[in-house]
Amino acid sequence: MDFNLSTEQELLRDGLGKFLATRYELEESRTAAKVGLGWQPEIWRGFAEELGILGAALPESAGGIGGGPTEIMVIAEELGRALVIEPFIDTAVVAAGLLQRADGPASTALLERIVDGSAIIAVAAAEPGSGDRWNCVSTKAVRDGADWVLSGSKAVVIGAPIATHLLVTARTSGQPDEPEGISLFLVDFDPAAPPRAVTVHGYRTIDDRRAADLEFDGLRLPVDALLDDNVWPSLAQARDEGAAAVCAEAVGAMRKVLADTVDYCKQRQQFGQPIGSFQVLQHRMVDMHMELEQAVSAVYLAVLNLAAEAHVRARAVSAAKVTVGRAARFIGQNAVQLHGGMGMTEELAIGHYFKRLTAVQYEFGSTDSHRSRYAKLSGS
C-alpha cells in the first residue's frame, strides 16, 4: 500500500506550513486566548481566502476543493505542529460533515459560508453527566404550532463563545440513552447577545481553547431549523471523523515536541557535556520516537477506513485514539521531564504543547472509552 502523499497534498502541506511559520506566533495566539477574543479572526480569514483549507473536504458545488480524509489529515497535522487554537476541526470537519449529510437548502447555504470563512459552527452534542456518550440525549425538542421548542443543557461545547451557529442535538422521541429519536437543529447564534432563552457559561479550557456550557429554556426555533430527524448514524460518523482529525493533530504536536526535546538535549550542558550524550536519555528519546511512529501508523489506519462500514470505521478510529492517547501521554510527560522544571512554565512552548496533548486524550471520547469500544467491536 502506498502511503506517500500526492503532489497536490504535498503542496497543501507545504503551503499551510509556510503560512503558519510566518504568520502564526505562539505568544500572540496565547495572548488572544487569555485576554483577547479567544482566537485570531485574521488567521481564520487567511485559512479561507489565502489557503482555502476550510473547504478542503467539501464538494466543489459548495465552493470546496473536493478533497477527503487524507487532506484533512495533512491539514490537521500542520495545525497541531503550530498549536493552532482556531476551531478548524469543530467547524470544517465535524459540523461540515453533519451539514453535508443533512443535504438540505439550509445545510448547503451554511457549507458555503464555512468555505468563505463567514461561519464558525459549534456542535452541541455532549450533556452534563453523559460523559463522552453523544447518544445520551436528554435535551428535548417538541413541536408547538409552526415552531420547535428546545429545552435542556449541553456541556463543554468547544468554540461556542466565538460561534456564529450551533448544531444542537435534541430528542424528539425515544428514551434518553437510545440512539433512535435524536434530531439535529440549527441555531443562529451570537455569543455576545444570545437569545433570551439561552444561557451561556463561557470559559477557557486548559489548552487555551474557548468552550461553553449552554442551557436552553424554551428556545423557539422555526420549523426549518430541523436539519435531520434521525441524526445518530451521521453523528456517530462525525464523531469518528473528529477523533481521526484530532489524532492527526496530535501527531503534528508530538513531532514538534520530540524535535524540540532532542534539540534541547543537544544544547543543555551537565558535567561538561550535552545531556543528549547520556545513553539513558538517548534511550528515552528513542522510546518517544517509537511511540510517535506507532501513532502515525494508527492514524493512517483510521484515515484509510473513514469511508468503510460503520463497525470497521469505528474499530480503526478507536485503535488510533488509544494508540495516540498513549503516545501523547508518554511523549508529553517525558518531554517535560527532560526539560526539567522549566518544561511546565508558560515561557517555554513545551508546556503549552503538553497541555494540548493532555486534552487530546479526552476529545471525541477518552482513551479508556475507545479501548472499551475496540474490545467490544473485536468480540473480546
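The centres of domain 2 and domain 3, taken over C-alpha atoms, are separated by 30 Å. The structure is a predicted model, in which local features need pLDDT of at least 70 and side-chain atom pairs count only at pLDDT 80 or more, while totals for chains, interfaces and linings use all residues. Residues are numbered from 1 along each chain as its sequence is written, and side-chain values use heavy atoms, with hydrogens and water left out.

The protein chain is divided into domain 1 (7-119), domain 2 (122-229) and domain 3 (232-379), with bounds that come from an automatic or database domain assignment. Eleven residues of domain 2 are in contact (heavy atoms within 4.5 Å) with 14 residues of domain 3.

Helices (H or I, at least four residues) and strands (E, at least two) are DSSP runs, numbered from the N terminus.

Helix α9 (residues 310-339) and helix α10 (residues 349-360) have axes that come within 9 Å and cross at roughly 155°; axes are lines fitted to C-alpha atoms over the stretch in contact, with angles from 0 to 180 degrees between N-to-C directions. Helix α9 is therefore roughly antiparallel (over 145 degrees) to α10. The contact involves K321, A328, G332, Q333, A335, V336 and H339 of α9, together with I350, F354, L357 and V360 of α10. By class, seven nonpolar, three polar and one charged residues form this contact of α9 with α10, with Gly counted among the polar residues.

How values were computed: Angles under 35 degrees count as roughly parallel, over 145 as roughly antiparallel, 65 to 115 as roughly perpendicular and the rest as oblique.
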